[in-house]
Amino acid sequence: MIATLHAIFVKHRQQAGALLPILHDIQHALGFVPDDAVPLIAKELNLSRAEVHGVITYYHHFRQTSPGKHVVRVCCAEACQANGGEALAEHAAARLQHGDTTLEPVYCLGLCAIGPAIQIDETQLHARVTAEKFDALIGALGGRK
Amino acid sequence: MSISVYVPGDAAALALGAEDVAAAIEQTAASHKLDVNIVRNGSRGLFWLEPLVEVVTEQGRIAYGPVTLTDVAGLFDANFTAGGKHPLRLGNIEALPYLARQHRVTMRRVGVIDPRSPDAYQAHGGGRGLDVARSMKPAEIVRMITESGLRGRGGAAFPTGIKWKTVLDTAAQQKYIVCNADEGDSGTFSDRMLMEGDPHCLIEGMAIAGLAVGADKGYIYVRSEYPHAFAALNDAINLAGDWLGDFHIEVRQAAGAYVCGEETALLESLEGKRGIVRSKPPLPAISGLFGQPTVINNVITFASVPDILAQGAAFYRDLGVGRSRGTLPFQLAGNIKFGGLIEVPFGITLRELLYDYGGGSRSGRPLRAVQVGGPLGAYLPESQFDTVLDYEAFAAVGAVLGHGGIVAFDDTVDMAKQARYAMKFCALESCGKCTPCRIGSTRGVEVIDRIRAGQKEQIPLLRDLCDTLTYGSMCAMGGMTPYPVLSALNHFPEDFQ
């Protein structure tokens with residue numbers, strides 16, 4: 001972890017207000033921002049640990065614990081609600097209750113005319129997701145490992 | 001000569017399988033020994049037709065859609081690369097009524113060009129605004145923007161020229177241009193479509209703003225939920241080379257806080273802090289990013305600027321009605337049959353958008369409520385569907401246009417539940433700085449729960465609480481949450497019985 005952090009710090013040394021870009025890079029590399037990283041980030045940016053902790057916990061995007069093998073985010077905002085997003089979110093919660101996939105709510109993916117929408121592992125998007133389609137997508141994830 | 005086939009790389013098209021379609025077209029073309037050049041354009045914004053594949057022929061760009069993986073073989077059998085007949089053939093894309101009836105200005109290149117090609121951008125009129133701006137004095141650029149009547153497209157509709165003039169008139173060693181691309185409102189996607197489909201246009205608008213106020217550094221703050229837009233912008237900036245001159249742009253990723261769409265919270269976040277709202281004054285135009293004078297505008301505002309410079313203020317000002325000048329890319333979303341992007345001058349009615357363009361609900365049931373302007377916008381009942389889409393007309397009926405997002409609900413919607421969601425969302429996303437928003441939102445959820453459980457005497461309490469939020473909050477987060485809550489209560493009282 002130390003080497004990873006060091007490389008990230010060096011990359012951002014010339015950047016003003018670099019805390020968010022650094023946290024993004026750490027989460028990208030490690031999947032979350034570990035508690036052990038906090039004092040190192042604080043030292044690098046000449047901030048207090050409390051300030052760094054405050055920023056990590058303020059933003060919904062940053063995680064403090066390791067996520068499951070996959071992260072599934074289901075849109076819970078109004079446009080998806082209008083097309084059954086709530087029922088899909090409930091279905092997803094039941095379907096992913098056990099297992100190694102992290103389920104998170106997300107408030108708008110910008111796919112508001114083709115909801116309900118979900119995002120898998122940050123980059124994969126799916127629209128007009130029914131319960132059946134959801135199960136198929138999750139099933140395919142398991143197969144891929 | 002190779003045949004050009006357009007398969008959108010826009011996030012919405014990808015969510016409907018465009019990546020697989022593009023790969024299948026490439027493979028099948030190779031096996032048919034056809035020289036096909038696949039261009040990944042943005043989306044035209046006709047989402048019920050995505051993935052929408054277009055082929056360049058002598059008759060123009062012939063569209064096919066919605067194309068799924070299983071359709072690809074059949075399309076080749078029908079000789080679609082020469083515009084051949086097929087059940088999915090839609091004819092010349094530009095002639096489709098949904099597009100032909102629009103008046104696209106800001107979004108006119110989105111879905112048309114390859115967003116990763118500066119040449120395509122220039123061939124379609126891009127770059128001229130910046131050329132013109134380079135021959136003008138800063139004050140002249142600002143005056144032109146003022147005369148165009150352009151107002152902030154993020155939602156607050158503040159006159160852009162006045163904001164720029166304040167920054168121009170404030171002396172400082174360093175000034176900044178910040179683009180608010182934290183498009184968090186549900187029902188909105190025009191920023192995303194522009195960033196993915198025509199990123200150079202945004203960059204050009206920001207560079208012009210830099211010349212107008214004397215800033216050489218710009219930031220684009222993009223929400224983390226938009227990784228494709230983030231990549232498209234970075235590509236565009238890398239490809240721009242020395243076109244931007246001394247103006248440097250850095251793209252920053254947000255981190256999932258809705259309130260960072262509020263300009264001062266956004267600036268805090270860019271500085272690497274918690275996205276907590278600042279007190280105003282001082283205005284960001286005087287003391288903004290890192291304490292320096294800062295122009296902060298929405299994506300669509302900046303993207304409107306190049307054409308105003310290239311074609312003159314009058315060209316833009318002559319569109320629209322009343323004090324709402326120019327066009328707005330409306331976004332039709334939710335339970336709607338033909339959802340998508342509709343850019344028209346201000347002045348058409350909500351009903352025209354919902355039925356003439358939208359074709360009514362997707363579910364086939366009657367439309368009951370429409371939320372305009374995101375999670376902080378009012379719900380409009382059927383009796384208000386004839387309201388004209390302009391900032392003042394909406395304000396007159398106690399609603400807001402905001403960023404132009406329109407979310408339709410059919411008659412299965414429970415408006416008391418939607419009111420509860422509005423309070424819940426505020427509780428979830430409140431930055432916590434001011435008490436009405438931080439505490440009031442949680443109390444609001446509780447009061448609505450009691451009303452829904454049958455305690456009607458709690459309704460005056462809810463109104464009282466909304467009053468406190470409206471007049472006591474520091475920013476629009478708490479200040480506007482009463483819009484959806486009270487409009488639901490006033491227009492749909494039967495749902496609160």
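The model is predicted: local features need pLDDT of at least 70, side-chain atom pairs count only at pLDDT 80 or more, and totals for chains, interfaces and linings use all residues. Residues are numbered from 1 along each chain as its sequence is written, while chains are lettered from A and ligands numbered from 1 in the order in which they are written.

**Domains**
- Chain A is divided into domain 1 (2-58) and domain 2 (70-144); such bounds come from an automatic or database domain assignment.
- The C-alpha centres of these two chain A domains lie 30 Å apart.
- Chain B has domain 1 (3-100), domain 2 (118-317), domain 3 (329-410) and domain 4 (415-496).
- In chain B, the C-alpha centres of domain 1 and domain 4 lie 46 Å apart.

**Nonpolar core**
- The largest nonpolar core holds 204 residues, and A117(A), V178(B) and V370(B) touch the most other members.
- A nonpolar core is a set of buried Ala, Val, Leu, Ile, Met, Phe, Trp, Tyr and Cys residues joined through C-beta atoms within 7 Å; buried means that 20 or more other C-beta atoms lie within 10 Å of a residue's own, with C-beta atoms placed from the backbone.

**Helix pair**
- Helix α17 (residues 415-429) and helix α21 (residues 482-491) of chain B pack at about 165 degrees, axes 8 Å apart.
- α17(B) is therefore roughly antiparallel to α21(B) (angles over 145 degrees).
- Residues meeting across the pair include M415(B) and A416(B) from α17(B), and P484(B) and V485(B) from α21(B); contact requires C-beta atoms, placed from the backbone, within 7 Å.

Conventions
A residue is buried if 20 or more other C-beta atoms lie within 10 Å of its own, exposed if 12 or fewer, and partly exposed in between; C-beta atoms are placed from the backbone. Axes are lines fitted to C-alpha atoms, for helices over the stretch in contact, and angles run from 0 to 180 degrees between N-to-C directions. Helices (H or I, at least four residues) and strands (E, at least two) are DSSP runs, numbered from the N terminus. Angles under 35 degrees count as roughly parallel, over 145 as roughly antiparallel, 65 to 115 as roughly perpendicular and the rest as oblique. Two residues are in contact if their C-beta atoms, placed from the backbone, lie within 7 Å.
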